[in-house]
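Here are my notes on this one, jotted down while going through it.

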Number of protein chains: 2
Amino acid sequence: METKRNTIQRQLVYNAVKELDIHANAEQVYEHIITVHPSISRATVYRNLNQLAESGELLNIGSFYGTTHYDHNANDHYHFICEKCKHIYDISNCFPEIKNLTQTNGLIIKSHNLSFFGICNECK
Amino acid sequence: METKRNTIQRQLVYNAVKELDIHANAEQVYEHIITVHPSISRATVYRNLNQLAESGELLNIGSFYGTTHYDHNANDHYHFICEKCKHIYDISNCFPEIKNLTQTNGLIIKSHNLSFFGICNECK
DNA sequence: CTCCTTAATAGTAATTGGTATCATTAGATA
DNA sequence: TATCTAATGATACCAATTACTATTAAGGAG
């Protein structure tokens with residue numbers, strides 16, 4: 001009784017996010033993969049990004065300026081988005097009081113998303 | 001030397017977000033306004049939501065499940081999004097170490113966005 | 001190893017949230 | 001009240017994402 005098939009396309013999507021290491025969006029993943037596997041479809045990229053995020057293998061770090069970005073790094077860290085150049089930086093600061101909040105007022109917290117906005121060093 | 005005009009449309013958009021009090025998105029704001037001012041255009045709603053968020057009168061609380069949501073409450077608080085019913089709840093917990101972080105590694109932090117995801121009381 | 005079932009893919013059409021354009025309207029100042 | 005021009009309404013447009021469907025290929029059974 002199988003349910004999930006381990007297709008090469010799914011592996012390619014996962015590896016692309018990992019190798020690019022730029023909090024890639026679907027289009028960037030697609031462009032990266034077609035250099036080695038030209039027949040892949042954009043729909044397949046979107047589908048697998050959704051599934052990999054759903055299963056926890058990748059992390060959906062949010063939708064900024066129109067597109068959704070993904071991260072392969074499961075370690076605790078947050079993000080800073082420069083409002084000028086739109087570059088996404090990692091922020092290693094750890095906030096244990098957020099991480100340890102697993103429920104409040106009857107709401108079961110399964111994950112959270114913390115993003116900072118401002119101006120980066122290069123742009124100021 | 002004038003710059004910003006206080007149009008009734010801008011007031012309607014602001015008041016709609018406030019009166020709806022559901023972290024409304026553009027379409028919800030539009031649907032609310034046309035009941036009282038049927039001639040308003042969606043473009044005007046989008047334009048004013050952007051401007052009101054830019055000026056700080058409203059708060060862009062992020063893009064979830066495809067659309068951007070707005071909040072009229074400027075007080076410190078965060079949000080919880082139920083992954084099942086997609087309802088957005090207020091979380092009143094305050095995290096001063098986040099709020100007080102104004103720069104790190106040369107990045108100038110101007111704002112931040114913290115959202116929690118999980119299952120709400122009604123859905124579990 | 002081969003066959004068979006069906007999940008997943010490729011290709012593409014369709015949808016949708018949001019923006020750009022432009023002629024027209026209506027705030028604000030004099 | 002007249003004038004200036006920012007803002008609107010209507011609509012065309014665009015980019016990100018999803019839906020659809022015939023075809024392909026994981027992977028378990030024999």
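Predicted model: local features only at pLDDT ≥ 70, side-chain atom pairs only at ≥ 80, totals over all residues.

**Notes on the A/B interface and a helix of chain B**

1. Start with the strands: E6 of chain A (residues 107-119) and E6(B) run antiparallel to each other and are joined by eleven bridges.

2. Now the contact as a whole. On the chain B side, 28 residues are in contact with 28 residues of chain A. Strand E1 (59-64), strand E4 (88-91), helix H4 (96-99) and strand E6 (107-119) of chain B each give two or more residues to that side. E6(B) has the largest share, with 13 residues. By type, the chain B side splits into 14 nonpolar, eleven polar and three charged residues.

3. Next, helix H1 of chain B (residues 8-20). Its 13 residues reach 18 Å from the first C-alpha to the last, close to the 18 Å expected at 1.5 Å a residue. Just after H1(B), Asp21(B) has a positive phi of about 55°.

4. Which residues of H1(B) are buried? They are Leu12(B), Val13(B), Ala16(B) and Val17(B). Viewed down the axis of H1(B), the buried residues fall within an arc of 130°, so they line one face of the helix. An α-helix has 3.6 residues a turn, so residues three or four places apart point the same way.

5. What does that buried set pack against? In chain B, the buried residues of H1(B) pack against helix H2 (26-34), helix H3 (42-55) and strand E2 (67-71). Ile8(B) and Gln11(B), on the other side of H1(B), are exposed.

Definitions and conventions:
Residues numbered from 1 in each chain as written. Chains lettered and ligands numbered in written order. Contact = placed C-beta atoms within 7 Å. Helix = DSSP H or I, 4+ residues; strand = E, 2+ residues; numbered from the N terminus. Nonpolar A, V, L, I, M, F, W, Y, C, P; charged D, E, K, R; others polar. Pairing = 2+ DSSP bridges. Expected span 1.5 Å × (residues − 1). Buried ≥ 20, exposed ≤ 12 C-beta atoms within 10 Å, placed from the backbone. Arc of directions from axis to C-beta.
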